Amino acid sequence: MYFPIGWPKVLRSVDVDFQAFKQVVSNRDKILFASLSDDAFVVWFCKPSVSIVYHKRNSESIQRLGINVGIEWKPDSSMICISTSEGHLILYNVEVQGDQPAYQQFDPPTASLRRDSAELFVKEVIPSLKITLFKEVLIWDGQITRMCCISGTEILVCTTRAHLLRYRWDGSQNRDYCLDLGRIPFSINQQVSKAEPILEDNTHVNDIEYSPLVCGFGITLNDGRAAYLTAPNLKFDPNAVQGIWAQGIDDSTCARVNHKFRLIAIGRRNSQVDVFTIDEITGGLELSHTMVLSSKDFPGDPGPVKCMRWTGDGRAVAVSWEGGGISVWSTFGALLMCSLAWDYGLNQDLSKHNPLVISSMEWATEGYQLWMVKEEESKSNLIQMDFVKSPLTVNPCMSNQRHLYLQADDKLYINLEDNLTKRTKLSIIDSSDAYHESGQEQTDGETKNSAKYKEFVDDNECRKQWIVLQLPATYIASNWPLRYSALDEEGETVCVAGRTGLAHYSRTARRWKLFGNEAQEKDFVVTGGMLCWRHYIVVGCYSILDGHDEIRFYPRDAKLDNRFAKIVRVQSQVFVLDVLHDQLVVFGADALVTIYELSLDSAGAIELRCVQAVDISALSHPACVVSASLCRLQDPLPMTHLNRNAKSEMQAPDSLVINASGKLMMVQREEYDVDEDNNPVSFT
């Protein structure tokens with residue numbers, strides 16, 4: 001869940017006259033952004049939002065090669081590729097100047113104007129970049145419609161002659177693996193024996209996006225059709241590529257792929273977005289859901305879908321229309337925000353003219369900012385909108401919380417359970433509970449203890465004031481942005497983790513605990529979520545110092561120091577953590593769900609015992625697993641009412657529930673124990 005907060009900000013470039021933006025694209029880390037105009041481009045830094053380098057082509061280059069059309073980053077951010085209107089590629093080297101940062105802060109000589117607070121010091125190092133021309137490449141294949149980076153070595157170029165050309169980043173063409181739409185067989189699924197290529201003339205790719213997790217491309221054609229290109233392997237041999245039509249689509253405008261949930265979103269001219277999933281049995285595209293505005297949201301027609309962008313975690317998508325307006329939807333179609341319902345004043349008629357016309361968008365790191373190109377009559381501006389999001393987007397183990405809280409890039413918005421609703425309990429004694437299944441009558445004391453209570457929620461007593469918890473500047477200034485957060489069951493302890501290290505806050509003491517040794521804070525990165533178990537903070541992390549993955553347990557009452565932590569080394573990167581009572585669930589990059597039993601010894605130190613390891617590699621790719629948790633479907637009956645046969649049933653292990661790409665699967669576990677060497681063994 002993503003929600004906008006605050007007013008959009010207008011960003012100014014180093015050149016005051018440079019306001020004719022047409023596209024904004026981020027690098028893979030979403031820290032650097034490149035905004036493109038007809039004759040120039042600017043590279044920006046994310047936080048703070050400042051321009052780093054400005055490059056403008058001369059008039060001779062514009063006349064010879066044409067104006068700028070599109071821009072793409074190399075995955076390692078070392079190069080930028082620009083396509084022109086005359087069918088050329090211009091490759092630029094992006095070099096980091098390590099001598100000094102791009103911006104430096106100096107205090108004025110006046111003593112009263114000098115900075116005294118740590119919040120006023122920007123510790124983020126803004127790199128100084130140098131742009132140099134590397135090569136100009138002529139594409140003898142018509143105009144370039146779209147570019148798509150498919151790997152660290154190659155970029156895909158789509159042309160108006162129905163070709164998908166593969167170029168290396170050194171400017172050479174990979175001729176053996178170039179694709180031709182006229183030679184790719186298209187069908188409705190991969191089981192249909194009759195597949196035909198595209199025979200119509202003047203048909204070419206209008207939009208394209210690649211995802212290795214869906215093993216292919218999502219494309220739209222200029223005639224309105226949409227399809228999915230796939231191959232048996234990621235080499236995409238031209239003789240093995242197959243096209244799968246998105247049925248019922250003849251007015252597509254753009255396509256975007258959700259990597260996490262393996263979805264392909266198709267924007268249409270009727271202003272709606274159709275989201276398709278890949279059928280694992282037939283290999284065809286199956287309509288999952290449709291994102292369409294209701295008459296309550298906007299009674300008019302905002303026009304064709306112009307642009308779409310999924311967040312990095314795949315939990316939301318931003319959509320803009322040609323007629324103006326922007327909206328944000330959840331993965332499976334819940335409308336989270338729509339600018340068409342905003343109040344622009346009495347002088348604005350949104351059905352005739354919308355002041356917010358967005359032509360290009362890009363999400364920033366962790367999805368806290370949305371960068372947009374806003375079109376106007378004579379120019380276009382680059383604006384930025386801030387967002388807050390639910391912690392479930394990155395830390396699914398917080399789904400069992402009774403408290404409500406959202407996280408921003410440097411703060412938390414908390415609303416505890418006691419502040420949300422006022423509950424009244426009334427005792428209701430059901431006469432049917434006075435008898436056991438065995439037919440024996442309960443005693444008076446048992447009847448009194450088994451009385452049921454019904455809770456009434458008085459919505460009039462709801463208090464919606466948010467507790468804004470600002471992260472300490474000494475931590476977030478060098479570890480921006482906030483990546484993971486966790487709240488304990490009582491709502492007394494708040495844990496956060498940024499770029500490196502972690503910190504936690506005690507609501508009772510109203511103070512933060514940070515690492516006393518800053519070197520320890522910089523030596524590990526939280527990668528797989530965090531949670532609270534009793535008086536411990538549990539994190540899945542990667543040790544930069546030792547070079548391996550770990551699970552760390554930090555006691556909340558002690559100083560934040562590795563001397564007091566219990567560190568357990570694991571075999572692969574931790575993706576997901578969850579806990580049920582005293583059982584810790586760990587899911588890693590090796591597709592193993594490992595279940596540990598947690599306990600405390602007589603001294604209060606934590607102990608782990610590996611109970612079971614379940615391999616789920618056959619179910620899903622590890623990067624597509626959203627959550628892995630234990631589920632207790634039915635509470636066991638009291639021991640006094642159990643016979644010997646029922647006792648073994650009560651001790652059956654909890655079920656393992658896995659959410660993979662939005663599909664819920666339950667893995668029924670067998671009873672396991674460990675031998676003397678701590679190896680999982682099965683009960684007989």
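**Entry 1: serine 85**

I located serine 85 in the loop that connects β7 (79–84) and β8 (88–97). I note at the outset that this is a predicted model. Serine 85 counts as partly exposed, because its relative accessibility is 24%, and buried would require under 20%. I then looked up its distance to valine 69: the two C-alpha atoms are separated by 6.0 Å, although the residues are 16 apart along the chain.

**Entry 2: the sheet from β23 to β26**

I followed an open sheet of four strands, which has the order β23-β24-β25-β26 and antiparallel pairing. Which strands stand at the edges? They are β23 (305–310) and β26 (335–338); each has a single partner strand, so one side of each is left without a neighbour in the sheet. On average, neighbouring strands of this sheet are turned by 20 degrees against each other, direction ignored.

Within the sheet I examined β24 (residues 316–321) and β25 (residues 326–330), an antiparallel pair with five bridges. Here alanine 318 stands opposite valine 328 of β25.

I turned to β48 (residues 655–660) and asked how many of its residues are buried. Six of its six residues are buried. I recalled that side chains in a regular strand alternate between the two faces of the sheet. In β48, Ser655, Val657 and Asn659 lie on one side and Leu656, Ile658 and Ala660 on the other, and both faces are covered.

I recorded two pairings of β48. Strand β47 (residues 625–631) runs antiparallel to β48 and is joined to it by six bridges, with leucine 630 opposite leucine 656. Strand β49 (residues 663–667) also pairs with β48 in the antiparallel sense, over five bridges, and there alanine 660 stands opposite lysine 663. The hairpin of β48 and β49 has two residues between the strands, and in it serine 661 takes a positive phi near 55 degrees.

**Entry 3: cysteines**

I checked for disulfides, each of which is a covalent bond between the sulfur atoms of two cysteines. The count comes to zero. I also looked up two cysteines: cysteine 46 counts as buried because its relative accessibility is 2%, and cysteine 338 counts as buried because its value is 9%.

**Entry 4: a nonpolar patch**

Which residues make the nonpolar surface patch of about 260 Å²? I found Leu404, Trp466 and Val468. Valine 468 belongs to strand β34 (residues 467–470). Its relative accessibility is 48%, so valine 468 counts as partly exposed.

Methods:
Residues numbered from 1 in each chain as written. Predicted model: local features only at pLDDT ≥ 70, side-chain atom pairs only at ≥ 80, totals over all residues. Heavy atoms only, no water. Patch = residues over 30% accessible without salt bridge, like charges linked within 9 Å, V, L, I, M, F, W, Y side chains within 5 Å. Areas by Shrake-Rupley, 256 points an atom, 1.4 Å probe, with all protein chains shown as cover. Salt bridge = Lys/Arg side-chain N within 4 Å of Asp/Glu carboxyl O. Buried < 20%, exposed > 50% of the residue type's maximum accessible area, 1.4 Å probe, protein only. Disulfide = S-S within 2.5 Å. Pairing = 2+ DSSP bridges. Axes fitted to C-alpha atoms, helices over the stretch in contact; angles between N-to-C directions.
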